[in-house]
Amino acid sequence: MTTLSAEHLSLSYGSTQILDDINLVIPEGKISVIIGSNGCGKSTILRSLARLLTPQEGIVYLDGKAIHQQSSKEIAKKLAILPQGPEAPEDITVKDLCYYGRHPHKGLLSRQTLEDDAIVNRALMATKMTDFVDRTLDELSGGQRQRAWISMALAQDTDLLLLDEPTTYLDLAHQIEILELLRNLNVTHGRTIVMVLHDLNQAAQYADHLISIVKGKIFQEGPPEKVFTKSMIREAFGLDCCIIENPVDQTPLCIPIGLSLS
Ligand SMILES: Nc1ncnc2c1ncn2[C@@H]1O[C@H](COP(=O)(O)OP(=O)(O)OP(=O)(O)O)[C@@H](O)[C@H]1O
């Protein structure tokens, strides 16, 4: 199991403070979901946890060791991240993109092994992308492209999976499919998952640990039953709502009433 935590992360762009003393311990083997309003710093936290960004202050620890003291390859064997709007050459095929996920596990001159093939196939099957392996990214719909990127992250075969809005571009059925896939990876394979989600009810349904961000600070964190409250949603989103029990799985369900006036 790979551990991930952050101590006293602060990050500013110019004079604008984006992260303000973030302290986090990601629960091992659980699904953590980061929620908060647009621009509150969710992606910045996720990118900092994966060392795609270096905060001016504070330290991220991956497996107990400062992440900035680890090589990119060392990090990529333990942690995969799907950032928002990932980029790759448009003419790369789905299959090549997926094999790219195997790179951290390979030596400079080593070839693809049967194990690589099996892991890539498993990733493509999990995301239902097997029919698209020879298509290039620019020949895919937004949702298919998103699933291709998720396949690549899965092919990296890491204990930790960080995903920034993985359900973007997906219709509701495909959103549920991806969330169920991630839950399955978590439950069956013990993967630790940290994701940013905009759909609050999906966040409450899929999170073991919910992290609510307000203006670059952790406002509240804990199990959804504790954190997912009217007052948290008013504070974090400026939204008045009712919270009822989801009749399907008894998780808290937010029914928006309107923008909060206070
Ligand atoms: N490179 C940059 N230079 C200056 N400001 C930036 C830069 N990147 C992000 N920001 C600002 O930092 C703040 C936090 O951005 P971030 O992407 O972390 O927010 P977010 O909570 O993920 O938002 P969203 O829900 O809209 O995706 C925003 O105000 C954004 O404009």
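For what follows, Ala, Val, Leu, Ile, Met, Phe, Trp, Tyr, Cys and Pro count as nonpolar, Asp, Glu, Lys and Arg as charged, and the others, Gly among them, as polar.

One caution before we start. This is a predicted model. The protein has a mean pLDDT of 94, and 100% of its residues reach 70 or more. The scores are ipTM 0.98 and pTM 0.94.

Now the ligand. Who surrounds it? Y13, I18, G36, N38, G39, C40, G41, K42, S43 and T44. By type, that shell splits into 3 nonpolar, 6 polar and 1 charged. Helix 1, residues 42–49, gives the largest share of the shell, with 3 residues.

On to helix 4, residues 114–126. It has 13 residues. From first C-alpha to last it reaches 18 Å, close to the 18 Å expected at 1.5 Å a residue. Which of its residues are buried? D116, I119, V120, A123, L124 and A126. They sit on the same side of helix 4, because they cover an arc of only 165° around the axis. Turn to the other side of helix 4, and L114, D117, A118 and M125 are exposed. What covers the buried residues? The cover includes helix 3 (94–100), helix 5 (142–155) and helix 6 (172–189). Just after helix 4 comes K128, with a positive phi of about 55°.

That brings me to backbone angles. Most residues other than glycine have a negative phi. So two more residues are worth a look.

Take D21. Its phi is near 55°, a positive value in a residue other than glycine. D21 is found in strand 2, residues 16–25. Is D21 buried, exposed or in between? Partly exposed, because it has 14 C-beta neighbours inside 10 Å, while buried needs 20 or more and exposed 12 or fewer.

Next, Y169. Here phi is near 75°, again positive in a residue other than glycine. Y169 lies in the loop between strand 7 (160–164) and helix 6. With 15 C-beta neighbours inside 10 Å, Y169 also counts as partly exposed.

Last stop, V248. Where is V248? In the loop between strand 11 (239–245) and strand 12 (252–259).

How values were computed: Residues are numbered from 1 along each chain as its sequence is written. This is a predicted model: local features need pLDDT of at least 70, side-chain atom pairs count only at pLDDT 80 or more; totals for chains, interfaces and linings use all residues. A residue is near a molecule or strand if its C-beta atom, placed from the backbone, lies within 6 Å of it. Helices (H or I, at least four residues) and strands (E, at least two) are DSSP runs, numbered from the N terminus. The expected span of a helix is 1.5 Å times one less than its number of residues. The arc is that of the directions from the helix axis to the C-beta atoms. Two residues are in contact if their C-beta atoms, placed from the backbone, lie within 7 Å. pLDDT is the predictor's confidence in each residue, from 0 to 100.
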